[in-house]
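Please look through the sequence and the structure shown below before reading on.

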Amino acid sequence: MESQAVFSMEQQQPQEFILEAFADPASVRDVVRAILHTIFFHRFFPGVTPHSREVLDITLPYVEDAELDTMIEKRAAELDRELSVERTHAHSGGNGGGRGNISVQFFEKKRRKTWYMRAAYGGGDEEICWEAWTVKVTVAEPRTESERAKVRKAMEQTLLTSVMKIVTCVNQHKDHIPPITTSEANPFPYQINVNQKDSGWATRMGIY
C-alpha cells in the first residue's frame, strides 16, 4: 500500500499557468526577460530588494540576483535564436513570423519515503514540481510604419495583460506553495526551458 501512496503522491500535477507574449524581432528578449523577472519577483523567496525596469514604457519589477539574471539572459537569447532561425526559414514562404515557448518550473525538495525508492532513484531527495509557467511567444515582423505602430501597440497590450495575469494568479493561488523546510537562501530549485516538447516535470521525476 505504501508504494501506491508514494507513487500517487509523486504523480500529483503542479499548478500550471499559461501566458501569451507578442513581440517584434528586436523586442523578443526584452519582453521575455520582463515576463520572467515578473514571475520570479513573486516566486523567488530569498530577500528581494525591489527594483524596476522600463520595458515598452511599462515599469516592471526586476529581481537583482546574478545567477538568476544570467539564466534568464541565456534562455531569452536561446529562444530568440530559435525564433530567428524559424523566421529565416519562413521568409521563403512570405511569412516573417514565428512561435515558441519558454517555461519556468519550481521544485520542492522532498526526502524519499522508502529505502527502495531511494535505491531506485539514487539518493535520498527528490524534486517535485509544484508550479509551472509557460510563456507562449509569437513574433511578428512588421513591414511598414503602419504595421510597426500596430505591432508596438499589440506588444504593450499583451505584455501588460501577462503581467496582470501573473499578479492575479500569484494572489489567487497560494495553497499549493510548499512549506519552507530548509535554511537555504532559495528553498525552491527552478528550471527555465525553451521550447520544451515533453512534460518536463513528469520526465524529471521518472514517471514516464
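The pLDDT is the predictor's confidence in each residue, on a scale from 0 to 100. This is a predicted model, in which local features need a pLDDT of at least 70 and side-chain atom pairs count only at pLDDT 80 or more, while totals for chains, interfaces and linings use all residues. Residues are numbered from 1 along each chain as its sequence is written, and side-chain values use heavy atoms, with hydrogens and water left out. The protein has an average pLDDT of 80, and 73% of its residues score at least 70.

**Confidence along the chain**

- Helices (H or I, at least four residues) and strands (E, at least two) are DSSP runs numbered from the N terminus, and among these elements strand β1 (residues 15-23) has the highest mean pLDDT, 95, whereas helix α6 (residues 200-204) has the lowest, 40.
- The pLDDT is below 50 over residues 1-11, a stretch with 20 contacts in the model beyond near neighbours in sequence, where a contact means heavy atoms within 4.5 Å.
- Over residues 198-208 the pLDDT also stays under 50, and the model has 25 contacts for them beyond four places in sequence.

**Two residues with positive phi**

- Most residues other than glycine have a negative phi.
- Leu56, in the loop between β2 (51-55) and β3 (58-62), has a positive phi near 55°.
- Asp57 lies in the loop between β2 and β3, and its phi, near 65°, is positive as well.

**Burial in the loop**

- Buried means under 20% relative accessible area, exposed over 50%, and partly exposed in between (1.4 Å probe, protein chains only).
- Leu56 counts as buried because its relative accessibility is 14%, whereas Asp57 counts as exposed because its relative accessibility is 62%.
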